[in-house]
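Open the model in your viewer and follow along. Each stop says what to select and what is there.

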Amino acid sequence: MIRINDILDQIHSYMPDADTSLVEKAYVYSAKVHAGQKRLSGEPYLSHPLAVAYILSQQKLDLSSITAGLLHDAVEDTLSTIEEIEELFGKDVARIVDGVTKISQIQFQSKIQKQAENIRKMILAMSKDIRVLLVKLADRLHNMRTLQYQRPHKRVKIARETLDIYAPLASRLGIDWMKRELEDLAFSFIYPEEYKELKEAVESRLGERKGYVEEVKEIISRKMAEFGLSCRVLGRPKHLYSIFRKMRRRDVGLDEIYDLIAFRIILKTVTECYEALGIVHSLWKPVPGRFKDYISLPKANMYQSLHTTVIGPYGERMEIQIRTEEMDKVATEGIAAHWLYKEGKILKKDQERQFEWLKRLMEWQKELEDPREFLESVRMDLFPDEVYCLTPNGEIKEFPRGATPIDFAYAIHTEVGHHCAGAKVNGKMVPLKYQLQNGDVVEIITSKQHVPSRDWLKIARTSRARARIRQWIKTEEREKSLALGKDLVQREFKKHRLDFSEFLKEGAEEVSKALSFKSVDDMLIAAGYGKISPNQIVRRYFKIKQVEGLEEEIEKEFEEQQPAKFKKPQGEGIKIQGHDDIMIHLAKCCTPVPGDEVIGYITRGRGVTIHREDCPNVISLEPDRKIEVTWVVDDSSNYPVMLNVITADEKGMLAAVSNAISAAEANILEAKVYTTPDHSAHFTFIAEVRDSDHLKKVISGIKKVNGVMRVDRQQAVA
Ligand code: MN
């Protein structure tokens with residue numbers, strides 16, 4: 001068991017003049033509040049905070065971190081309060097303890113692997129002060145070291161969580177030794193048999209190879225010295241979990257894993273590193289594709305090194321890492337610890353460029369005298385724009401900063417969103433405009449009577465919520481437009497002494513189809529929106545009922561009312577995602593029909609033009625104004641297409657081709673004949689077809705006509 005003196009000695013080893021009175025006071029306090037509590041191992045509970053504080057002192061952390069380590073379980077597991085901690089140990093320590101307590105209180109439910117990335121991000125976001133995370137990791141490490149005392153069913157769960165959440169977090173902070181230890185510990189509890197087997201196998205293999213490791217180290221040192229480079233060479237066995245993972249991934253046995261040992265060459269300067277790389281590659285043949293330059297392109301956790309794999313002296317693969325002392329320190333101890341004794345040194349320019357957040361930290365650092373003060377101000381600004389919240393049963397949801405309970409409600413389900421009446425955050429009622437905070441547990445209260453309002457658009461941040469709210473409003477507006485349209489059309493009917501309810505019973509369906517609407521309701525809604533005049537409906541009704549005289553009268557009225565361009569609603573049957581009210585034209589150059597691959601193009605002031613995807617004109621269109629569209633097939637509509645037919649110059653060809661088109665049930669709108677000097681005849685037909693299948697039928701019908709040489713669909717009209 002660690003004693004307080006071990007911790008104090010450790011602190012004095014790297015901070016000889018440190019005033020450790022706060023640490024000692026925390027020790028006394030922790031002993032008092034945890035008095036009588038026992039660990040599952042049977043040891044007094046105090047052994048745990050002592051061990052955690054010791055791990056922190058081994059990482060050479062500051063006094064606040066170590067003090068917080070001693071107190072980290074006080075608020076959660078004893079009668080102590082955060083206010084008391086603040087009063088006795090100051091704001092700084094209290095903030096760290098509070099952060100660790102909050103992370104510990106999150107209840108992560110099953111599905112950990114699936115949500116691991118989110119949980120990691122959330123913990124990072126919650127650990128605003130990097131020291132919160134360092135204390136939490138030390139806590140987890142000691143718990144893993146003593147996991148054998150835990151109840152069996154909890155062991156695997158905790159080990160799994162360690163593997164999925166905490167080892168990657170240690171890795172993210174660059175604390176390599178901790179990542180390796182956490183992984184190997186977790187491995188030994190999740191796969192106890194595989195662990196034992198692999199451990200024994202690797203140990204015996206390494207025993208056999210002791211001479212080999214020494215030999216390689218010796219060759220490297222000698223070669224480097226020949227070139228005037230002084231270096232340290234290390235040969236370290238890879239950790240078991242990384243070997244296990246490699247075997248799993250490649251589905252091979254231990255015999256096929258050659259590089260059980262990673263060699264490391266540590267030099268003084270970056271230039272020397274590249275020189276050493278050249279020497280290694282001249283000594284042993286490099287394995288192609290295995291060289292990685294993390295010096296010029298550091299990893300996100302600031303890890304820097306050259307990696308290469310070579311064919312060693314006995315024809316075996318060897319992994320070799322080459323780095324400077326400074327890089328080695330970052331690689332093994334992590335960037336946080338590194339900052340602490342960097343004493344004001346500024347990181348290299350290229351690194352600054354790569355890590356915007358670090359750059360900002362560096363700028364703060366310049367203004368600070370004491371690097372320790374710098375560490376205290378370090379904020380984990382890794383995910384400044386995201387907020388992570390939990391459902392009451394522990395599922396994590398990610399939101400942009402500024403998101404509100406409305407966003408949360410829609411993230412659960414559209415219906416929950418539509419009927420969101422209020423929200424409880426961490427058990428307390430909050431207004432709907434409340435901004436969600438990291439770690440909030442959010443419960444949505446719904447009520448059938450509650451429905452979205454336009455105001456919600458002002459407080460919803462996520463596109464999902466906003467789209468759903470708009471959709472709801474639109475549906476509601478549709479209903480209003482329907483009522484209005486009905487009213488307007490009814491009046492128009494009255495004006496012409498016609499019975500509107502009679503019309504709805506008989507004729508309305510036909511009129512709506514004739515006007516290319518999907519339904520009577522759609523037609524009435526269009527009238528409500530003002531997209532079509534009630535008069536137009538009446539007019540069409542007369543046309544169908546074939547009432548002479550009256551029709552003329554209304555026709556005249558119609559001509560007066562309508563602008564000339566309003567001919568026939570075009571492009572019904574095309575849907576643009578998310579936009580129902582856009583004016584649509586079918587492009588005249590390529591005359592698309594249903595079934596063709598099409599693309600929409602947003603014109604200036606003329607709505608959307610639909611082109612075939614293979615239309616040559618599409619290439620020259622601005623990509624930004626292209627929009628995805630899909631056909632919604634409507635049986636009643638016909639679409640014009642242009643066909644070029646080349647036939648032998650014989651009599652009766654026009655009639656024969658026309659007959660073939662009609663036989664295929666297509667209506668011919670126009671036919672033109674061109675004569676050419678080469679004894680062939682060229683025809684251009686404009687025919688109406690239902691869709692691309694129908695078009696194919698028409699074309700194959702024409703091809704069967706004797707004397708027809710070619711049939712082409714018009715590609716484009718310039
Ligand atoms: Mn603990």
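Start with two helices: H6 passes H8 in a right-handed crossing, meaning that the near helix is turned clockwise from the far one by less than a right angle. Helices here are DSSP runs (H or I, at least four residues), numbered from the N terminus.

A note before going on. This is a predicted model, where local features need pLDDT of at least 70 and side-chain atom pairs count only at pLDDT 80 or more, while totals for chains, interfaces and linings use all residues. Residues are numbered from 1 along each chain as its sequence is written, and side-chain values use heavy atoms, leaving out hydrogens and water.

Select residues 82–105 for H6 and 130–145 for H8. Their axes (lines fitted to C-alpha atoms over the stretch in contact, with angles from 0 to 180 degrees between N-to-C directions) come within 9 Å and cross at roughly 55 degrees. That makes H6 oblique to H8.

Now show the contact, meaning heavy atoms within 4.5 Å. From H6, pick Asp92, Arg95, Ile96, Gly99, Val100, Ile103 and Ser104; they meet Arg131, Val132, Val135 and Lys136 in H8.

Next, select the manganese ion. Which residues are its protein donors? They are His48 (NE2), His72 (NE2), Asp73 (OD) and Asp139 (OD), 2.2 to 2.3 Å from the ion. Donors are N, O and S atoms within 2.8 Å of the metal (3.2 Å for Na, K and Ca); water is not among the atoms, so sites may look incomplete.

Finish on His48. At 1% relative accessibility, His48 is buried (under 20% relative accessible area, 1.4 Å probe, protein chains only). Asp73, at 7%, is buried too.

Terms used
Angles under 35 degrees count as roughly parallel, over 145 as roughly antiparallel, 65 to 115 as roughly perpendicular and the rest as oblique. Buried means under 20% relative accessible area, exposed over 50%, partly exposed in between (1.4 Å probe, protein chains only).
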